[in-house]
Amino acid sequence: MDDDTGTHPHSEGPEGDDGAARLTRWERGTEIPLGIASLAFLTSYALRVLAPGLPDTLLDVCLAVTFAAWALFAVDYAVRWHLSGQRLRFVRTHVLDTVVLLLPLLRPLRVVKVYEAVQRRHGQPRLALHARVIVYSGMSTLLLGFTGALAVFQQERDAPGTTMRTFGDAVWWTCATLTTVGYGDVVPVTPLGRLIAVGVMMIGLALLAAVTGTFASWLLQVFAREDDERPPGN
């Protein structure tokens, strides 16, 4: 994912300004294509997990689409790293981009950026900051919940002693985990499934904190505005 600051450190040297401009043009030009690649990745991965009975040819196509999407993200990362002129500092300042590249299941988060890119291209007004945080957090939760359910179901469905026999069980487990409820009626039993569970828990806590903090900040602003507009003596 791209940084949300909207600014990029300039490259060192006489071509720094030109490199920053090319980086901005590259990111804007690849937002929608990479979003489409994310959807293709998610669709092909879902088909391989949920429809293993498909003909081998179709399963091979899905696998090829999965690797092609991964290759596109690797190319995008390499191009942005080159245009930034930051070398190793690029990795330190773009931790989320690096994690998304290394962990394929986070790649559908690119879809969240498509909404804003389409709005910007059509000149439509953007949502207020608080609304954007809540909308993006909600979209991220749905995407990560679905991919998390796919990943854990792929690991758990045939494991000895599994309690996750259907995809519905995996979705139920993901919802309980993301909301930090954790009923414990459906739990992963494989090492990789538990590792995925740790990631889902961390993401659930982060998204819940983001939405809660944003909503609280919005309420404080509303109440402060009402106090400012209230006539003196009331």
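Helices here are DSSP runs of H or I, at least four residues long, numbered from the N terminus. By that rule, Leu 102 is found in helix α4, residues 95-102. The model shown in every view is predicted.

**View 1. Leu 102 and a nonpolar surface patch.** Leu 102 belongs to a nonpolar patch on the surface. Leu 102 counts as exposed, because its relative accessibility is 59% and the cut-off for exposed is over 50%.

**View 2. Thr 30 in helix α1.** Thr 30 is found in helix α1, which covers residues 16-50. Is Thr 30 buried or exposed? Thr 30 is buried, with a relative accessible area of 15%; the limit for buried is under 20%. A polar atom of the Thr 30 side chain lies 2.8 Å from the backbone oxygen of Trp 26.

**View 3. Phe 41 and Tyr 45, a stacked pair.** The structure holds 5 aromatic pairs. In one of them, the ring centres of Phe 41 and Tyr 45 are 6.3 Å apart. Their planes meet at 10°, so the pair is stacked. Both residues lie in helix α1. They are 4 residues apart, about one turn of the helix. Phe 41 is buried, at 3% relative accessible area. Tyr 45 is buried too, at 9%.

**View 4. Phe 146 and Phe 167, an edge-to-face pair.** The ring centres of Phe 146 and Phe 167 are 5.9 Å apart. Their planes stand at 85°, so this pair is edge-to-face. Phe 146 lies in helix α6, residues 129-156. Phe 167 lies in helix α7, residues 167-178. The pair therefore ties together parts that are 21 residues apart in sequence. Phe 146 is partly exposed, with a relative accessible area of 31%. Phe 146, Phe 153 and Phe 167 form one aromatic cluster.

**View 5. Leu 143 in helix α6.** Leu 143 is found in helix α6. Leu 143 is buried, with a relative accessible area of 15%. Which separation along the chain goes with Leu 143 and Leu 106? The two are 37 residues apart along the chain, and their C-alpha atoms are separated by 8.7 Å.

Technical notes
Residues are numbered from 1 along each chain as its sequence is written. This is a predicted model: local features need pLDDT of at least 70, side-chain atom pairs count only at pLDDT 80 or more; totals for chains, interfaces and linings use all residues. Side-chain values use heavy atoms; hydrogens and water are left out. Helices (H or I, at least four residues) and strands (E, at least two) are DSSP runs, numbered from the N terminus. Buried means under 20% relative accessible area, exposed over 50%, partly exposed in between (1.4 Å probe, protein chains only). A polar contact is a pair of N or O atoms within 3.5 Å; within protein, one must be able to donate a hydrogen and the other to accept it, and residues adjacent in sequence count only if both atoms are side-chain atoms. Rings of Phe, Tyr and Trp (its six-membered ring) pair if their centres lie within 6.5 Å; planes under 30 degrees apart count as stacked, over 60 as edge-to-face and the rest as tilted. Patches are made of residues with over 30% relative accessible area and no salt bridge: like charges are joined within 9 Å, nonpolar side chains (Val, Leu, Ile, Met, Phe, Trp, Tyr) within 5 Å. Accessible areas come from the Shrake-Rupley method with a 1.4 Å probe; for residues, only the protein chains shown count as cover. A salt bridge is a side-chain nitrogen of Lys or Arg within 4 Å of a carboxyl oxygen of Asp or Glu.
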